[in-house]
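Please have the structure open while reading.

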Amino acid sequence: MHPILNTAVKAARQAGKIIVRSFDRGDTLSVDRKGFNDYVSEVDRAAENEIIQILRHAYPNHGILAEESGEHTGDEYQWIIDPLDGTTNYLHGFPQCAVSIALRHKDKLQQAVIFDPLRDELFTASTGAGAHLNSRRIRVSRARRLDQSLIGTGFPFRSMDHLDNALKTLKELLPRTHGIRRPGAATLDLAYVACGRLDGFWETGLKPWDMAGGCLLIREAGGLVSDLNNERDFIESGEIVAGNPYIHPLLLSVVQKHYQ
Ligand code: IPD
Ligand code: CA
Ligand code: CA
């Protein structure tokens, strides 16, 4: 494993320990409201501090973009961190959450770790070196048609701007696919596309830390990731469509039709 990825794995595992320790104690945690349906707990903050401390110790000059503490300026390398993806699930004791850490150099993603501490599943990717789950190589699925596919998404829950678009897309996709899943942690949804558990995924209103790690995983696993215009701008736009090379264009055309 690339030494820099090793450091990110160490940070993700340490954050995972903090997350597991308080799982099932969601109702006793101190929680602040960031906005409508948007919460941050002491666990999100503790996990983020731990990750930043480990990365900073190893790479003091790198910049950081972290969900809870924002941007810390640095050199041309930037760590993009979601310390606890799936906070709503976590606060309800619903077991689907992850830590996501990605490293970008200028505009290019180079390293990715997504760690599910409740299942002890570690997804990793380095540019040009493939994607792995617990050290075994992963590939996207081979489904060729929507009627062979299982699709993931995230329903709007903070801003309702795209609620109608999402519902129209669901209405078209539900009878045309094996089903739609909304597990509640976008980083893991993307990791599941990378390992073939999902054949495709779309969501809008995401942030860079929801997408960066999963995007590199999917590309390194042979899949496609784009924004709604089939461009590479999704980290900025927050709108993402992902899938294996057969399902991505099929899903994109359905999504495009309903998100005009
Ligand atoms: C959220 C989760 C969720 C997605 C949201 C994200 P958070 O992240 O990934 O699945 O639908 O858009 O913001 O707030 O739990 O880190
Ligand atoms: Ca997130
Ligand atoms: Ca988060």
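## Polar contacts

A polar contact is here a pair of N or O atoms within 3.5 Å. The model under discussion is predicted, and an N or O atom in the side chain of Asp82 lies 3.3 Å from an oxygen atom of ligand 1, so this pair falls within the 3.5 Å limit for a polar contact.

Asp85 also reaches the ligand through its side chain, a polar atom of which is 2.6 Å from an oxygen atom of ligand 1. Ala186, by contrast, takes part through its backbone, with an N or O atom placed 2.8 Å from a ligand oxygen atom.

## The surrounding shell

Ligand 1 is surrounded by 15 residues, the closest being Asp85, Gly86, Arg158, Ala186 and Glu203. Sorted by class, the shell holds seven charged, five nonpolar and three polar residues, and strand β5, which spans residues 77–85, gives the most to it, with three residues.

## Location in the protein

The largest pocket is the space that ligand 1 takes up. Because domain 1 (3–135) and domain 2 (146–258) both give residues to the shell, ligand 1 lies between the two domains.

Methods:
Residues are numbered from 1 along each chain as its sequence is written. Chains are lettered from A and ligands numbered from 1 in the order in which they are written. This is a predicted model: local features need pLDDT of at least 70, side-chain atom pairs count only at pLDDT 80 or more; totals for chains, interfaces and linings use all residues. Side-chain values use heavy atoms; hydrogens and water are left out. A residue is near a molecule or strand if one of its heavy atoms lies within 4 Å of it. A polar contact is a pair of N or O atoms within 3.5 Å; within protein, one must be able to donate a hydrogen and the other to accept it, and residues adjacent in sequence count only if both atoms are side-chain atoms. On a 1 Å grid over the protein atoms alone, a cavity is a set of points where a 1.4 Å probe fits but cannot get out, and a pocket is an open set with protein on both sides within 12 Å along at least five of seven lines; lining residues have an atom within 4 Å of a point. A molecule sits in a cavity or pocket if more than half of its atoms lie within 2 Å of its grid points. Helices (H or I, at least four residues) and strands (E, at least two) are DSSP runs, numbered from the N terminus. Ala, Val, Leu, Ile, Met, Phe, Trp, Tyr, Cys and Pro count as nonpolar, Asp, Glu, Lys and Arg as charged, and the others, Gly among them, as polar. Domain bounds come from an automatic or database domain assignment.
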